[in-house]
Amino acid sequence: KYKQPEGLFTGTLLDFVFRHESRDLGYYVTYRQASPGFRADLGYMPHVGYRNVNAVMIFASWREPGHWYTFMNLTPSLEYETDFDKQLIQKSAKVTYYYKGPLQIVYYFGGTLGKKSYNGRIFDISGIVNIFQCKPSRTLQFYAELDFGNKIDFDNIRQGSNIFFNAGFGWKAGRHFSVNLDHIAEWFKVDAGRLYTANVSNLKLVYQFSPRAFLRAILQYVNYDYNVANYTFPIDSKFKSLFSQVLFSYKINPQTMLFLGYSDDHYGDGNIPLKQTNRTFFLKIGYALVM
């Protein structure tokens with residue numbers, strides 16, 4: 001069933017690391033190989049039959065609070081991986097930049113030039129990642145992420161590219177009430193044009209009555225728009241869902257929790273608008289037995 005060979009088989013795993021670390025400079029080189037017959041049934045190992053070399057340099061700088069930055073680092077790296085027949089699995093050259101500054105600003109940049117093998121073909125996986133976070137006060141924080149570059153269209157096995165955007169904020173109104181809102185958008189295209197557009201919005205409201213009790217409400221809206229002409233298999237042109245949940249939690253003691261809540265789901269597609277499919281009321285009591 002799982003294409004395991006019959007009878008006895010053996011394999012080896014080799015792991016080598018050379019590392020140097022200091023306050024302002026670090027570097028390491030790693031080499032790992034797992035033979036095709038190696039198995040790690042008691043541990044997580046997604047694949048075998050590869051040889052991987054990775055080399056990384058880390059340049060860091062620190063400053064005292066009040067300076068225009070408190071920490072920065074620049075990290076270039078190279079990675080090369082093949083199978084035991086010397087066929088390319090992936091290769092990449094990367095550079096990342098990390099910055100921390102006033103107002104708890106954090107900025108991360110990552111740039112990659114790379115190739116990846118999938119289903120007997122080589123695809124470009126070059127791209128850019130930008131992440132920004134800021135907490136100007138104890139009650140307010142913002143974050144945003146913008147990624148773009150080349151991706152693999154795994155469903156249709158072809159080259160693609162995408163733009164990914166995620167932004168949101170969190171607000172604490174006093175000691176009891178908090179709001180978190182974020183939105184995710186992604187645009188994916190192939191040579192023939194747009195493949196899909198995805199939008200996901202999340203809203204979470206929490207009221208903390210006391211250290212023992214809180215009330216939480218969650219609302220999530222999902223909207224996927226597919227260009228069916230660019231798919232190699234049948235697919236609905238749209239998928240929509242709306243999920244809502246209200247939960248009350250009370251901690252009776254450190255071992256006993258009470259949960260009381262309500263949730264429902266709405267679904268729709270290119271022909272059917274959003275329609276409620278289920279509604280659930282639930283009560284749960286958790287107790288930890290101490291032996």
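**Core**

I looked up the largest nonpolar core first, and its seven residues are F188, V190, L195, Y196, A198, Y226 and Y231. A nonpolar core here is a set of buried Ala, Val, Leu, Ile, Met, Phe, Trp, Tyr and Cys residues joined through side-chain atoms within 4.5 Å. Two elements give it two or more residues each, β11 (177-190) and β12 (193-208), and β12 has the largest share with three. Strands are DSSP runs of E, at least two residues, numbered from the N terminus.

This is a predicted model, with pLDDT of at least 70 needed for local features and 80 or more for side-chain atom pairs, while totals for chains, interfaces and linings use all residues. Numbering runs from 1 along each chain as its sequence is written, and side-chain values use heavy atoms, without hydrogens and water.

I then checked Y231: leaving out residues up to four places away in sequence, Y231 touches N156, R158, L195, Y196 and Y226 (heavy atoms within 4.5 Å).

**Pocket**

I get 22 lining residues for the largest pocket, with K94, T112, I125, G127 and K151 nearest its centre. β5 gives the most to this lining, six residues. I sorted the lining into six nonpolar, 10 polar and six charged residues, with Gly counted as polar.

**H266**

I found H266 in strand β15 (residues 256-269). Why does H266 count as buried? Because its relative accessibility is 18%, and buried means under 20% relative accessible area with a 1.4 Å probe, protein chains only. Beyond four places in sequence, H266 touches K240, S241, L242, L274, K275, Q276 and T277.

Conventions
Buried means under 20% relative accessible area, exposed over 50%, partly exposed in between (1.4 Å probe, protein chains only). Helices (H or I, at least four residues) and strands (E, at least two) are DSSP runs, numbered from the N terminus. On a 1 Å grid over the protein atoms alone, a cavity is a set of points where a 1.4 Å probe fits but cannot get out, and a pocket is an open set with protein on both sides within 12 Å along at least five of seven lines; lining residues have an atom within 4 Å of a point.
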